[in-house]
Structure formats: C-alpha cells, structure tokens
Number of protein chains: 2
Amino acid sequence: MRSRYTGRELSAVVKSDAYGLGLEAIVPVLADAGCRSFWVNDLGEALRLKAVLPSAVLRETTVYTLFGLGGATPGDFEQAAVVPVLASLDEVWQCGGHARRSGRRMAVAIQLDTGLGRLGLTADDVDRLGGDHLAPLDIRCWVTHLAAFDCPDDPMNDRQRRMLLDLTARLPQAPVSLASSSGVFMGPDWHFDIARIGSALYGVQTSSRWQEGLVPCYRLLAPVLRVADMPAGARVGYRGTTALTRPSRIATLALGYGDGLPQGFVTAGLAFLSGEALPFVGGMAMNLTMVDVTDLLDGAVGPGTQMEILGPRQTIDSLADALGCAPNVLLTQVGAGCAHRYLGTGG
Amino acid sequence: MRSRYTGRELSAVVKSDAYGLGLEAIVPVLADAGCRSFWVNDLGEALRLKAVLPSAVLRETTVYTLFGLGGATPGDFEQAAVVPVLASLDEVWQCGGHARRSGRRMAVAIQLDTGLGRLGLTADDVDRLGGDHLAPLDIRCWVTHLAAFDCPDDPMNDRQRRMLLDLTARLPQAPVSLASSSGVFMGPDWHFDIARIGSALYGVQTSSRWQEGLVPCYRLLAPVLRVADMPAGARVGYRGTTALTRPSRIATLALGYGDGLPQGFVTAGLAFLSGEALPFVGGMAMNLTMVDVTDLLDGAVGPGTQMEILGPRQTIDSLADALGCAPNVLLTQVGAGCAHRYLGTGG
C-alpha cells in the first residue's frame with residue numbers, strides 16, 4: 001500500500017476486533033511497521049487498542065472511533081485521548097458545548113455523508129453549521145466513505161468525490177480521509193490526505209477490480225477426529241444427506257458452523273490436504289463435518305491430520321464469490337471461536 | 001425438560017462456548033439448578049468448564065468431550081478427570097493400553113455410530129472388539145446421536161434406535177445416551193438413561209415438530225448512532241442499494257455482519273422498537289445497518305435508542321426459517337463479538 005499511496009498518511013482499520021483476527025495481536029505489528037493512526041468502532045475497542053501499545057508509541061498515535069461518540073460522552077473521549085469521528089450535527093453540538101464548558105478545544109474528526117446515507121453531516125447539516133459551533137473543536141480530519149468502493153467505475157464514486165470537495169471547501173481546513181483499501185487502488189485522485197486501510201491489510205480483495213499484491217494473512221486448519229470405511233449405499237450426515245455411491249473412506253473433521261462458517265460452505269468449498277482438493281459429504285453440523293478421502297493413498301490421513309480449510313488454495317475472496325457474500329463476512333465470522341496462532345510479521 | 005424426561009439423568013450440552021452464549025456464565029447457573037453432567041467438544045473446553053465450578057460441585061460432576069480424545073492423550077484426560085467420548089476403535093485401543101500400563105481402569109464413554117456416519121464405533125468395529133479391549137475401561141456411558149433428530153417421523157430414527165439396542169445388547173452394561181433435546185420431546189421410547197440437552201436449554205426449536213414450553217433465553221439489542229431525514233429519491237447503502245420512495249427518516253444502527261449476522265438478515269428480518277416492526281434499508285455493512293423509522297412518532301428514536309434485533313418478537317427459530325439455515329447457526333454465530341449481559345436465572 002505504501003508503494004501505491006500518494007497521500008500523507010496510511011492508517012489502519014482494526015475495528016471489529018481487527019476484522020475478527022484479534023486486535024491485541026495485530027495492532028502491535030502495525031505499530032512496529034510505523035502505523036500511527038488507527039480506526040476502531042467505539043471507545044471500548046479504542047481502550048483495548050491503547051492498552052497494547054507502549055507509551056512512547058502511544059504519544060504519537062491517534063485512535064479514531066467510527067461510531068462517533070457511540071453512547072459515550074465528550075468527556076469520556078477527552079479523558080481517554082481518543083478522537084471520535086462525529087456522526088451527526090447533534091454530536092458536533094455536544095462536543096462543542098463540552099469544549100466551551102471545559103475551556104479546552106476538543107480533538108474530533110467529523111464524518112461527512114457524501115452519499116452513503118449512513119453517518120455524518122449531510123449537505124443540509126453543513127449549511128446549518130455556523131462557524132461558532134466548530135470554533136471550540138480541534139478538527140483532526142474530515143472523513144467520508146465511498147458507497148461504491150467495490151465498483152471503481154460506478155459514477156456514484158465521482159459524485160461523492162465532487163461533493164466532498166464542495167463540502168470541505170466550505171469548512172475549516174483539515175486533512176481529508178476518503179479512501180479505504182480499494183480507494184488507494186483507484187489512483188491518486190482518490191487518495192486525499194489519510195487513507196484508511198482495512199481489508200488490504202488482511203489480504204482480502206474487496207473490489208470487483210483485482211487488486212494486485214495483496215497477500216492473504218490467514219489460514220484455517222481443522223483436525224481429523226476419525227477415519228472410517230463405509231460401504232456403497234451408506235448414508236452420512238443429518239437426515240442421511242449424502243448417499244455414498246462407492247465404498248468410501250470418510251474423515252470426520254472438527255469443523256462446523258460453530259466455527260463461524262456458513263452452512264453453504266460444504267457445497268461451495270473444499271478441504272485441502274497436501275494440495276489435494278477433497279469434497280465434503282453429509283452437510284455441516286455445529287462442530288463436525290465429513291470429507292471424502294477415498295482417493296487419498298492409504299495412511300495419508302488419520303486422526304490428528306490437519307486439513308486446510310482457508311488459505312492460499314482456497315481464499316476468502318474465492319469462497320465469498322461462490323457463496324454470494326461480501327468477503328469480509330467470512331473474514332470477520334469464520335474462526336471466531338477457534339484457537340489463533342500468530343506466525344509473526346514474516347518480514 | 002424435567003417434567004418430560006423419564007430417564008435417569010438430564011445433562012447439559014455446553015459445547016461451542018455454550019452455543020456461543022458464554023460457557024463461563026452459563027455453567028454455574030446449570031450447576032445451581034442441579035445439573036451434574038456436561039458435554040463439551042474438547043479437553044480445552046472441559047478445563048474451562050471445571051475452572052468455574054466450586055470443588056464440592058466438581059466432585060459430583062462428570063464432563064464429557066464429544067470429540068473423543070481430540071488430539072489429547074488418555075493420560076491428559078485421566079489427569080484432568082474428564083471423560084472422553086471415544087470416537088473410534090483406535091481411541092478405544094489407546095485408552096485400553098494406557099489403562100493397562102497405568103494399572104488403573106480409565107473412565108470413558110464410547111460413541112456408537114448407529115447411522116450418522118460421523119463418529120463412534122460402527123457395527124463392524126463392535127464385531128472386532130474383543131472383551132479384552134474393554135476390560136481395562138470404566139465405561140460410563142454408550143452414546144449415539146439421531147441423524148434425523150429434527151424430523152421425529154423419519155423412519156431413520158427407529159432404525160437407529162433398534163441398532164442401538166442391538167449393539168448395546170452385545171456390549172458391557174452401561175448407561176445409554178441417545179436423546180438430545182428433540183429426543184426428549186419424541187417420548188419415553190427415546191429417553192434411555194441420560195439425555196443431552198442443548199438447544200432446549202437456550203430456548204431454540206430444533207425440530208420440525210413444535211416443542212412446547214421452550215423459552216428463548218437471548219435478546220440482541222443494537223443502539224442507534226444517528227437519525228437523519230432524507231428526501232424522496234435519495235439512495236442509501238453500498239452502491240445505493242435502496243432508493244427512498246418518500247421523504248424518510250433513517251436511523252443508523254451499530255449492527256452488522258461483524259456481529260455474526262448473515263447479510264441476508266436485513267431482507268429476512270426486521271428491527272423492533274416498542275413493539276413496532278421496522279424494515280431495514282440499504283443493506284448491511286460490517287458494523288452498520290439502517291432502519292426506516294419514518295412511521296414512528298417524532299422523538300420516538302434518537303441516538304442511543306436500543307432496538308431489539310433478536311428476542312421474543314423475532315426469535316432465532318423464525319429467523320432461521322426465513323433464512324433457510326439451522327437455528328443453531330444463528331445461536332452460535334450472532335452476537336459473538338458483542339458485549340454480553342446476563343440477567344440471572346429468572347427463578
């Protein structure tokens with residue numbers, strides 16, 4: 001991302017527990033790589049984040065909350081030294097009032113709703129904003145998000161970009177943040193001052209246009225619990241889902257929807273062992289799934305054998321395509337309850 | 001369940017972190033209610049479970065692991081005083097060997113594969129079992145599971161029941177466990193000695209036949225972050241998913257697939273506020289969803305208002321029906337990363 005980005009600062013989105021991968025493990029790696037701005041959902045996540053950074057790094061670090069105040073008070077944010085991305089005119093007024101009462105300018109970012117319709121000040125809100133309301137605020141950043149971030153050619157993107165330029169021209173000067181991962185790939189017109197990199201950090205493709213150079217950071221392995229030989233005609237799984245058409249060897253994996261996989265995974269996906277792709281049989285239960293290993297050599301699989309469920313051979317992107325969901329659905333949901341092992345930064 | 005069950009003992013299934021609800025919070029409540037047998041997936045969960053019980057209760061409590069040895073050794077189980085539900089002939093041999101070497105009988109349960117094809121001894125395995133192999137084992141329980149547990153009238157259930165009777169007649173005497181929640185509702189023929197109650201504990205219907213008296217134990221609430229008025233024709237959500245057909249008031253909720261919801265939830269489900277059902281608009285993002293609140297009275301909704309997403313008005317069962325997934329998919333996945341509040345046993 002560094003080689004592509006022409007703006008001022010690359011920052012990291014680690015909301016939703018670093019997209020389900022573990023905020024406490026991932027933030028220090030990003031900080032070691034020089035990252036000094038982070039985006040989380042709320043004050044609770046911001047405090048978790050700050051707790052894992054050494055104080056020398058913390059002094060240089062800005063943590064933004066994308067939910068705005070999210071139910072906390074301006075005083076809570078000031079005390080925690082966390083910067084809310086204000087989500088509404090009401091939050092601007094609250095923070096302005098707090099700053100005036102305390103006699104200190106309050107550090108905030110402000111979301112602008114340029115077309116997503118979700119959070120931030122609309123054009124009407126900006127019209128209603130007198131300079132008075134903003135004066136007590138130390139505005140660190142204007143923030144917006146593309147509604148068609150995943151479709152670079154959608155004309156909506158350019159409409160949002162022009163609206164952002166128009167709104168910020170009428171507002172006090174501050175750095176502007178528009179691009180998320182895919183925005184960086186869309187080229188310098190979209191870069192502005194601060195890019196918020198989420199999916200790309202984790203190696204997930206979130207654009208309909210291929211984003212070169214992203215490396216999946218995840219693998220999901222599941223162990224075999226039992227291997228059994230079954231005759232042709234035997235049925236396996238709930239309600240006899242699969243009838244075996246030949247004498248089969250079936251490996252039962254400790255893997256199921258209790259690990260965050262959608263039930264459709266067993267039809268859309270495969271299991272991998274030493275590069276061999278193996279089909280699932282018998283559906284998916286909460287914690288168990290069965291794999292047809294008949295075609296493997298004798299002895300290739302037994303209790304304890306680890307099969308690869310997600311990884312370079314079967315990426316989250318390809319699986320999301322097959323399942324018809326957003327890749328980040330799988331990134332955030334799969335493996336939630338599983339034991340995590342972190343293999344280091346890999347240089 | 002007590003009023004329905006005619007067998008010897010009702011036990012609790014708290015695998016997968018108590019179906020995603022939090023093993024550490026739920027196990028003590030069940031223990032207080034008199035439960036003394038628990039089923040988890042593996043030794044790691046068993047140790048978490050034992051850590052939350054007072055020693056007087058622990059002495060009377062049996063913890064079974066449904067993954068069998070699941071990669072641990074017979075010695076690990078003996079040391080932890082946890083009972084593996086052996087998943088294969090190989091595990092029977094391992095435990096028998098361990099017991100002979102140690103000179104102590106080893107406590108185990110043994111899974112019988114009566115037709116699910118997933119775990120346990122097949123009829124062929126039972127033929128190959130000499131009495132010698134079982135002699136050093138203290139068999140606490142024979143365990144099997146119905147493949148058509150959710151379809152009480154499926155003839156497969158009776159075939160499994162008859163096979164269980166046939167197999168256990170050829171094996172050493174020990175309590176038999178066949179029924180899970182739905183098996184208890186199927187009547188005394190299905191009760192045997194120990195019932196393993198999972199879904200019913202949490203108030204989730206898992207049978208095609210209505211199970212009277214189950215009370216949903218869960219609620220999922222999500223707070224409003226912003227309320228905005230938008231003109232007719234405005235588009236909201238990624239790629240302008242929804243075009244507003246009238247001037248609308250839109251509430252943005254802190255709720256998304258990062259909270260374990262499937263993306264289809266926003267079309268299959270509704271949000272509830274004071275009994276009013278409200279439709280979602282604009283799709284679902286990782287952490288944000290929008291609700292059309294135009295029809296509510298002025299002032300009925302503002303930042304901080306909590307909407308009900310799951311609860312008595314919209315149960316997991318009804319939503320799973322609409323989404324075409326197993327109810328336990330939602331029970332285990334939704335709310336995984338959310339703050340949990342436990343409201344006590346409710347008498």
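Reader: How do β15(A) and β16(A) pair, parallel or antiparallel?
Author: In this predicted model, strand β15 (residues 280–284) and strand β16 (residues 289–292) of chain A pair in the antiparallel sense, over three bridges.

Reader: What joins β15(A) to β16(A)?
Author: A hairpin, through four residues.

Reader: Which residue is the bridge partner of A:M284?
Author: A:T289, in β16(A).

Reader: And how many residues of β15(A) are buried?
Author: Five of its five residues are buried, so by the cut-off each has 20 or more other C-beta atoms within 10 Å of its own. Strand β15 of chain A is mostly covered.

Reader: Changing topic. In what order do the strands of the open sheet in chain A run?
Author: The order is β7-β6-β5-β4-β3-β2-β1-β8, eight strands of chain A with parallel pairing. The edges are β7 (176–177) and β8 (194–197) of chain A, each of which pairs on one side only.

Reader: Take β2 and β3 of chain A. How many bridges join them?
Author: Four bridges, between residues 37–40 of β2(A) and residues 62–65 of β3(A). One residue to look at is A:V40, whose bridge partner in β3(A) is A:T65.

Reader: What does A:V14 touch?
Author: Leaving out residues up to four places away in sequence, A:V14 touches A:L23, A:I26, A:V27, A:F38, A:W39, A:V40 and A:L49.

Reader: Which residues touch the most other members of the largest nonpolar core?
Author: A:V14, A:I110, A:L253, B:V14 and B:L253, in a core of 212 residues. As a general matter, nonpolar side chains in soluble globular proteins tend to be buried together.

Reader: How much of chain A counts as buried?
Author: 50% of its 347 residues. The chain has 14 helices and 17 strands, and its C-alpha trace spans about 80 × 45 × 40 Å along the principal axes.

Reader: What about contacts between residues 24 or more positions apart in chain A?
Author: They make up 66% of the contacts with a separation of 6 or more.

Reader: Where are the domains of chain A?
Author: Domain 1 covers 9–202 and domain 2 covers 220–333. Their centres, taken over C-alpha atoms, are separated by 41 Å.

Reader: How many residues does each domain of chain A give to the contact?
Author: Five come from domain 1 of chain A and four from domain 2 of chain A. On the domain 1 side, the elements giving two or more residues are α1 (15–19) and α11 (199–202) of chain A. That side has two nonpolar, three polar and no charged residues.

Reader: Now the two chains. How many residues of chain B are in contact with chain A?
Author: 55 residues of chain B, in contact with 55 residues of chain A. The elements of chain B that give two or more residues to its side are α1 (15–19), β9 (220–230), β10 (235–236), β12 (248–253) and α13 (327–333).

Reader: Which of them gives the most?
Author: β9(B), with five residues. By class, the side of chain B that touches chain A has 26 nonpolar, 21 polar and eight charged residues.

Terms used:
Residues are numbered from 1 along each chain as its sequence is written. Chains are lettered from A and ligands numbered from 1 in the order in which they are written. This is a predicted model: local features need pLDDT of at least 70, side-chain atom pairs count only at pLDDT 80 or more; totals for chains, interfaces and linings use all residues. Two residues are in contact if their C-beta atoms, placed from the backbone, lie within 7 Å. Ala, Val, Leu, Ile, Met, Phe, Trp, Tyr, Cys and Pro count as nonpolar, Asp, Glu, Lys and Arg as charged, and the others, Gly among them, as polar. Two strands pair if DSSP finds at least two bridges between them. A nonpolar core is a set of buried Ala, Val, Leu, Ile, Met, Phe, Trp, Tyr and Cys residues joined through C-beta atoms within 7 Å. A residue is buried if 20 or more other C-beta atoms lie within 10 Å of its own, exposed if 12 or fewer, and partly exposed in between; C-beta atoms are placed from the backbone. Domain bounds come from an automatic or database domain assignment.
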